[in-house]
Every structure is written in structure tokens, then in C-alpha cells.
Amino acid sequence: MRIIDTHSHIYLEEFDDDRLEVVARAKQVGVTSVILPAIDLVTLDRLEGMCRENPGFCYPLIGLHPEEVKEDFREVLQSMKNRLEAKNASYIGIGEIGLDFYWDSTYREQQLEAFETQLRWAVELRMPVVIHSRNAHREILEIMNKFKGQGLKGIFHCFCGTKEEALDLLQFEGFYLGIGGVLTFKKSKLPDVIRDIPLTRLLVETDSPYLAPVPHRGKRNESSFVYDTLCCLAGCLNLPVETVAEVTTNNAEGLFNLGKMA
């Protein structure tokens, strides 16, 4: 059985004491690839370093997380674009990008501009995107509609919305819903939502070190825990775990062209 964790931040300092063990545990449960989305400029060297140390297992994305968008966002984006277009760049997508108005909307206009700018990169470079959306569903749809028919593809990361919101997002061809640990939570309504979603439009992820699934809830999340989410997803869909692993892995490999890199 092969599993791909399509969203993990195991390059962050939370894993400095046992990163090798974290990678080993992931491989033990069948994880064959881990996608590492960026969040800011400061941690890009860490992200790139982890990918160099784990070739064929860790794959880098580049992008500015909406919560990291500040007054200097244009300068930050230019620096990221320079790294993305460097001759030795190995990035396979744009992320983690998007909109987040949950805690603070001080930089609302800056977030909107940063999101649209990075979507343009993805179109120009024909790269997939990983989209973060929190308290911003309407705004996400408004901006995404500008790019319809331009070949944009990617993931709506950590989907936790309603069935109506799922259908809103899946109108965009080439996009998947990223399903993480929230699916396993006791009071989660997500199981009822995803039962009617085709497995061919779903991916599994951890968002390590955040949102650890049951039975690890409250602990630091890590890529090996994607197996618990996978098992829960299989139960929700009344399908064998092996089937869900195969289809979601094929989905991820197709989206990120991982097969061509093997």
C-alpha cells in the first residue's frame, strides 16, 4: 500500500529533535511521498534542505501563507518568484497560498492581491496550487472564477466545509479536496459531507504539526498519522483501505506529476 501525505510542514522546528524518526515512521506505514508547502521566506531554506536530504520522498512547494501576508508582501513575493524561477529550483507547485480572515482582517486587501498574484504564477508556469481558505469562502470563489478556463489545478487544503461549499469548490476542474485529521474528530460533520464526493476528487493530508487525527488528537501531528485519516476516510466511504490509498495516491501523483520524477 502506498500513501501520499499531500500537506506536511515537517521541516519546521517542531521536528528538530526527531526528524529522522518522523520520516522513518511515515515510511513504515506506507507513505511514499510527502508534499511540503511553504509558509514564508524565513523557513524556505529549511524546506529546501529537507527535500535535498530526502530526494524522491519530500517535494517542495513555494508560496506565501495568507497569515504571513504583511505590508511588505510584494517584496516577499518577488523574492519567492526569483527562487521559483532560479535555474536550480526544484519546486513542483505553488503553496500554501489563499485567504484567512478568521483571526484578523487587517491585511485583507493585501491577502487578496497576494493570492491572485500567486495564482497567476501557477497559470504562467503550469503548476498546481495548494489553497488555504478560512472564513473566506465567498472571496476564494470570486477570485478563482477569474481563472476559469486557464488550466489552473490544485488542492483546497484542509477542507472542513459544508456539502454546498464542497460542490462550490469542485466546480473547478482539476481541483481536489484535501482531507485531514478533522475528519476523525468526534463532532466533525465532515464524514456526512464527503460521502457523496467522488473519491477521484479527494486527497489525504496531515498538515503536520497541526490537527492530529484521532487517536493522536492533542499531540504533535506527523506524516505517519495520515494512515489514521486514510482508514477513517475508507470507513466513511465504505471502501477497502487499500482502494482509498490507491486512488488518492494516483490522484496526488497525477496532480504533481510525481510519476515523471520517479
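The model is a predicted one.

**Helix pairs**

Two packed helices are described by the angle between their axes and the distance between the axes. The table gives these values for two pairs.

| Pair | Residues | Angle between axes | Distance between axes |
|---|---|---|---|
| α3 and α4 | 73-84 and 108-125 | about 15 degrees | 11 Å |
| α8 and α9 | 226-237 and 241-256 | roughly 110 degrees | within 9 Å |

Take α3 and α4 to begin with. Their axes pack at about 15 degrees. Angles under 35 degrees count as roughly parallel, so α3 is roughly parallel to α4. The crossing of α3 past α4 is right-handed. On the α3 side, the contact is made by F73, R74, L77, M80, K81 and L84. On the α4 side, Q110, E113, A114, T117, Q118, W121, E124 and L125 take part. The residues of this α3 and α4 contact comprise seven nonpolar, three polar and four charged.

Now α8 and α9. Their axes cross at roughly 110 degrees. The range from 65 to 115 degrees counts as roughly perpendicular, and α8 and α9 are therefore roughly perpendicular to each other. Here too the crossing is right-handed, with α8 passing α9. From α8, the residues Y227, L230, C231, L233 and A234 meet V241, V244, A245 and T248 of α9. By class, the contact of α8 with α9 holds eight nonpolar residues, one polar residue and no charged residues.

**Nonpolar cores**

In soluble globular proteins, nonpolar side chains tend to be buried together. In this model, the largest nonpolar core has 74 residues. Those with the most contacts inside this core are L119, I131, M144 and L177. What does M144 touch, leaving out residues up to four places away in sequence? M144 touches F115, L119, I131, L152, F156, F172 and F175. A second core is separate and has 13 residues, among them L61, V130, L203 and A252.

**A loop residue**

Where is Y210 found? Y210 lies in the loop between β8 (202-204) and α8. Its relative accessibility is 40%, so Y210 counts as partly exposed. Leaving aside neighbours within four places in sequence, Y210 is in contact with H9, L12, E14 and N221. Y210 and N221 are 11 residues apart along the chain. Their C-alpha atoms are separated by 5.4 Å.

Methods:
Residues numbered from 1 in each chain as written. Predicted model: local features only at pLDDT ≥ 70, side-chain atom pairs only at ≥ 80, totals over all residues. Heavy atoms only, no water. Axes fitted to C-alpha atoms, helices over the stretch in contact; angles between N-to-C directions. Helix = DSSP H or I, 4+ residues; strand = E, 2+ residues; numbered from the N terminus. Parallel < 35°, antiparallel > 145°, perpendicular 65-115°, else oblique. Left-handed = near helix turned anticlockwise from the far one by under 90°. Contact = heavy atoms within 4.5 Å. Nonpolar A, V, L, I, M, F, W, Y, C, P; charged D, E, K, R; others polar. Core = buried A, V, L, I, M, F, W, Y, C linked by side-chain atoms within 4.5 Å. Buried < 20%, exposed > 50% of the residue type's maximum accessible area, 1.4 Å probe, protein only.
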